[in-house]
Structures are given as structure tokens and as C-alpha cells.
Amino acid sequence: LKSYVARYQVSASNPDSAVKASGTVILSVDQPYENHNGGKIAFGPDGYLYISFGDGGSGYDPQNNGQTLSVLLGKILRIDVDTRTQPFAYGIPVTNPFASNSQGIRKEIFAFGLRNPWKFSFDSQTGTLWAGDVGQGTLEEIDTITVGGNYGWRLMEGTLCTPNINPTCADTAGLIRPVWEYGRSAGDVSITGGYVYR
């Protein structure tokens, strides 16, 4: 399984249509399992393209993708589609948190430690990036995403330490807690996010 981000040209005769033959894959990610392949793309107020990917699946993120900075799974990415930074088919914004690293950390990463952020949206007045992140089995969470932020998965599910990964809550320094969370009994099984309205 793979997830793809592709670029298409707008039809000259219909500005609401893309030219199928113009499709070019600019980013692909291997998916190790058949779940948590969720994601979204949207342009932010800064003009950059934001991309979310789930952790790749199974229970409790067995590959620890959410916390592993050399992979794109379990992250929100930010790229510049108007430039190109070799060897990529897109540019890396210099304000990305790992843009200048040489330790094998993926330079596209904007934020990490996410389980399955199906949707995110920008507040049209403040530019704040909001994301809904699906829990393992107890809590669903809503986060405000900041540059370089670590949202805790798989060490935490919302504000709870994961029992079989981090039972003593030893590894929680610097993890960003959700702005809101709710239990499965209070809502649908999986939060899918939404849009900010005022």
C-alpha cells in the first residue's frame, strides 16, 4: 500500500477541472498496514501545502512511526510547491523545524506524534491550525498544531499514558496535550475533524 500526493494542471477550458494526463506524483509514502492511512492536504495562510499522514496502522503504532523522525507517517508535513529543493519534487520551507538538519530527520515535518489526523483546518482569522486526532480506544483529541510540536502518540493517547508503551508516564516531557478530548462514550468512535467557524 502507498499514499500519494500528486500535482495536476488546471484545464484551459474549465478552471474547475484538472487535466488527468498532467498528473505527476511529487510524494509517495509506503503504508505498512491497511488502517491509519488517513490524511488531508490544504494550503495554509503562508501559501505552503500542509499534508497529514496517519501512523501507518495496526494497534499502538508497532513501528513507532509517530515518534520516529526519519519517516513521514504520524506527522503533519509542510512543503513549498512553487520551488524545488533537491532531491525533492518540491521545496522545503526554511522555517520547517528540521529544514537544516543533517541527521536523517525528514525535512518536510512540521509536527509529529499523531495517530491518524484525518482532517485539519486553519482558522481564517488567526491562522491557527486545528486537527482532530483519532485515539487508540479510550480518548479522541483535538489539537492546535504548532511548528515542531510533538503531540505524544504513541507515548500518550490524549492526556493518558499508553498502558503497554509508557505505563509509568516516564516519557512525557515536552509533549503537547490536546486542547480538548472526549471518551468514546461521549461521541462517535473516531473523530474525523472539521472546520473552524466563527
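Me: Glycine 148: buried, exposed or partly exposed?
Reply: Partly exposed, because its relative accessibility is 31%. Buried means under 20% relative accessible area, exposed over 50%, and partly exposed in between, with a 1.4 Å probe and protein chains only.

Me: What sort of model is this, and how are residues numbered?
Reply: The model is predicted: local features need pLDDT of at least 70, side-chain atom pairs count only at pLDDT 80 or more, and totals for chains, interfaces and linings use all residues. Numbering starts from 1 along each chain as its sequence is written, and side-chain values use heavy atoms, without hydrogens and water.

Me: Back to glycine 148. Where is it found?
Reply: In the loop between β9 (139-145) and β10 (156-157). Strands are DSSP runs of E, at least two residues, and helices are runs of H or I, at least four; both are numbered from the N terminus.

Me: How far is glycine 148 from threonine 95?
Reply: In space, 9.9 Å, C-alpha to C-alpha. In sequence, 53 residues.

Me: Which cis peptide bond involves arginine 154?
Reply: The one joining tryptophan 153 and arginine 154, with omega about 15°. Arginine 154 sits in the loop between β9 and β10. Another cis bond joins glutamine 86 and proline 87, with omega about 5°. Proline 87 lies in the loop between β5 and β6.

Me: New topic. How many helices and strands?
Reply: Zero helices and 12 strands in the protein chain.

Me: What is the strand order in the open sheet of four?
Reply: β3-β4-β5-β6, with antiparallel pairing. Two strands pair if DSSP finds at least two bridges between them.

Me: Which strands stand at the edges?
Reply: β3 (41-43) and β6 (109-112). Each has a single partner strand, so one side of each has no neighbour in the sheet. The twist averages 20° from one strand to the next. Axes are lines fitted to C-alpha atoms, for helices over the stretch in contact, and angles run from 0 to 180 degrees between N-to-C directions.

Me: How many bridges between β5 and β6?
Reply: Three, in the antiparallel sense; β5 covers residues 75-79. Leucine 77 has isoleucine 109 of β6 as its bridge partner.

Me: What about phi at tyrosine 60?
Reply: Positive, about 60°, although tyrosine 60 is not a glycine. Aspartate 61 also has a positive phi, near 50°. Most residues other than glycine have a negative phi.

Me: Which loop holds tyrosine 60?
Reply: The loop between β4 (49-53) and β5. Aspartate 61 is in the loop between β4 and β5 too.

Me: Aspartate 61: buried or exposed?
Reply: Buried, at 0% relative accessible area. Tyrosine 60 is partly exposed, at 23%.

Me: What volume does the largest cavity have?
Reply: About 50 Å³. The structure holds one cavity of 30 Å³ or more. A cavity is a set of points on a 1 Å grid over the protein atoms alone where a 1.4 Å probe fits but cannot get out; lining residues have an atom within 4 Å of a point. Grid points are joined across faces, edges and corners, and a volume is the space filled by probe spheres set on the points.

Me: Which residues line the largest cavity?
Reply: Among them are Arg115, Asp133, Glu141, Tyr151, Trp153 and Glu157.

Methods
1 Å grid on protein atoms, 1.4 Å probe; cavity = no way out; pocket = protein on both sides within 12 Å on 5 of 7 lines; lining within 4 Å.
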